[in-house]
Amino acid sequence: MTPLSGFPEFLPADRIAEQLVLDVIRRTFELHGFASIETRAVEPVSRLLGSGEDADKEIYGIHRLAARSEERGSDDALGLHFDLTVPFARYVLENAGKLAFPFRRYQIQKVWRGERPQEGRYREFTQADIDVVDAGELAPHFEAELPLVIAEVFRQLPVGDFRIQVNNRRIPEGFYLGIGVTDVVATLRIVDKLDKIGPQRTADLLVGSGLSQGQAEQVLALAAIRSEDLSFVEQVRALGVEHPTLDSGLDALAAVIRAGLDLAPGTLVADLRIARGLDYYTGTVYETQLVGHEGYGSVCSGGRYDTLASDGRTTYPGVGISIGVSRLLGLVVSRWGVTASRSTPTCVLVALADEAHRPAAMRTAAALRSRGIPVEVAPAAARFGKQIRYADRRGIPYVWFSGTDGAADEVKDIRSGEQVPADAGAWLPPEEDLHPSLVVPEPLGT
RNA sequence: GUGGGUGUAGCUCAGCUGGUAGAGCAUCUGGUUGUGGUCCAGAGGGCCGCGGGUUCAAGUCCCGUCACUCACCCCA
């Protein structure tokens, strides 16, 4: 019995931690007026294909085990979705007549990718997406709004400092065209490796792909530009390249950064080397890293897509961003040791002197629950020491002892050992003990 | 998909040049029969990943296979 690699499962305490994180995400998304939807786990394979050659290879097909082999590879075969954006685009087309535009939705679901698993990379994982789509035209200010929502989520989570890196694909595209480089996609792919292999080898690859030495230098000069304010615009201008696509990209990115400076200073960074692999992004792209853990990969990314959803008459451009919840938890929970304060929602364990008192104990439990306190009754009338240990093992903070012979009930805080008389019809725990909370170990994330 | 590493108790691991399995932690029980955490004593728990080969004899050597893991690719 060994775990399946890439299909993570948590123990109860860590699952509670995950739920607490999801609560923050959901609450914040809703605070910004995003409505929840859920889409089916499967899409026709033909709809999933075409987002990028590497992505295509990672799609899990689905078929009945008893199906004949010729049914398995057909065009309308089903596959598990590998992100939430493609299914959402389909959902918008299918329900366009019933949706009100611009449509803001959030979606928190599992997705599947047939990758080789590693720390922070799974084959089944949870994404939390927000997207805005409109019919015909999508106002550019949404591209500035989405990362601000994400920044608000991250500020509430024990993730340390983070940076949302933003770029606009029109900038490298216009720049490359302006210096006579026509294979924009291939050049972007090479530039994307800059972090890993360094400028020298990147330049070699660029020259190897047909660029002149001068063009390679220009491309690298652009990729090196990074600023937390609007100064990136001047830095690009200083390179002396002119192209209308470049101009529109610079304007769009400046608008996003300007909004960040105003509402979330220090979190949005213009970084002109960010490219993203998925082919459907057409403008703004985002990528998020935790400061000090850049090598762990992006924990939240997305971008603008103008042509993903189209019924031939109307196109529905959108912009979206997706939190890699599982990847985030892989770092925060699995590596840093952040977990929940207890492994069960139970706040109070009602102790049991003997089985004859179980009905009375159940009435006590019901009285406490009626005021929203999570309660369970001891599983057996064992020695009180064992019942206390039952609570201690699970992190349950309180044990309730029913008074006998008319004596008052008593409740014991097993962390302090303090035991006081209490009335099941009135007692309340401190607010912070009512539900499990996130516990962050002392030296966070080193 | 490519390359490296590792598979022994629930977990972390030991097991020398082959001689039919051990420790710590965890779990359970008792000491303490209505108040836990410490301490002491005891107990349960292993087709040594799987298949084949060499050998009188394989956890140990050889081959294969599977799984896990790290890196690359790519990505949340």
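This is a predicted model: local features need pLDDT of at least 70, side-chain atom pairs count only at pLDDT 80 or more; totals for chains, interfaces and linings use all residues.

Reader: How many salt bridges does the structure hold?

Author: The structure holds 17 salt bridges. One of them joins the side chains of Arg104 and Glu145, at 2.6 Å from N to O. Arg104 belongs to strand S5 and Glu145 to helix H6 (residues 141-155), so this pair ties together parts that lie 41 residues apart in sequence.

Reader: Is Glu145 buried, partly exposed or exposed?

Author: Glu145 is partly exposed, because its relative accessibility is 21% and the buried class ends under 20%.

Reader: And which residue does Glu115 form a salt bridge with?

Author: The partner of Glu115 is Arg121, and their closest N and O atoms are 2.5 Å apart. Glu115 has a relative accessibility of 18% and therefore counts as buried, whereas Arg121, with a relative accessible area of 29%, is partly exposed.

Reader: What about Arg237: which side chain does it meet in a salt bridge?

Author: Arg237 meets Asp247, with an N to O distance of 2.9 Å. This pair links distant parts of the chain, 10 residues apart: Arg237 is in helix H11 (residues 231-237) and Asp247 is in helix H12 (residues 244-263). Both ends are partly exposed: Arg237 has a relative accessible area of 32%, and Asp247 has one of 24%.

Reader: Let us change topic to the sheet. In what order do its strands come?

Author: The open sheet has 9 strands, in the order S1-S5-S6-S12-S11-S10-S7-S9-S8, and its pairing is mixed. At the edges are strand S1 (35-36) and strand S8 (226-227), each of which pairs on one side only.

Reader: What holds such strands together in general?

Author: Strands of a sheet pair through backbone hydrogen bonds, in either a parallel or an antiparallel sense.

Reader: Then how does S5 run relative to S1, parallel or antiparallel?

Author: S1 and S5 run parallel and are joined by 2 bridges. Ser36 stands opposite Tyr106 of S5. With strand S6 (residues 124-133), S5 runs antiparallel, and 10 bridges join the two. Arg105 has Asp131 in S6 as its bridge partner.

Reader: Is S5 mostly covered or mostly open?

Author: Strand S5 (residues 103-112) is mostly covered, with 8 of its 10 residues buried.

Reader: Now the surface. Which residues form the positive patch?

Author: Arg383, Lys386, Arg389 and Arg393 form a positive surface patch. Arg393 is in helix H15 (residues 384-394). With a relative accessible area of 60%, Arg393 is exposed, because the exposed class begins over 50%.

Reader: Finally, what does the secondary structure of chain A come to?

Author: Chain A has 16 helices and 19 strands. Of its 446 residues, 49% are buried. Along the principal axes, its C-alpha atoms fill a box of roughly 95 × 55 × 45 Å.

Methods:
Residues are numbered from 1 along each chain as its sequence is written. Chains are lettered from A and ligands numbered from 1 in the order in which they are written. Side-chain values use heavy atoms; hydrogens and water are left out. Patches are made of residues with over 30% relative accessible area and no salt bridge: like charges are joined within 9 Å, nonpolar side chains (Val, Leu, Ile, Met, Phe, Trp, Tyr) within 5 Å. Accessible areas come from the Shrake-Rupley method with a 1.4 Å probe; for residues, only the protein chains shown count as cover. A salt bridge is a side-chain nitrogen of Lys or Arg within 4 Å of a carboxyl oxygen of Asp or Glu. Lys and Arg count as positive and Asp and Glu as negative; His and the chain ends are not counted. The place of a charge is taken as NZ of Lys, CZ of Arg, CG of Asp or CD of Glu. Helices (H or I, at least four residues) and strands (E, at least two) are DSSP runs, numbered from the N terminus. Buried means under 20% relative accessible area, exposed over 50%, partly exposed in between (1.4 Å probe, protein chains only). Two strands pair if DSSP finds at least two bridges between them.
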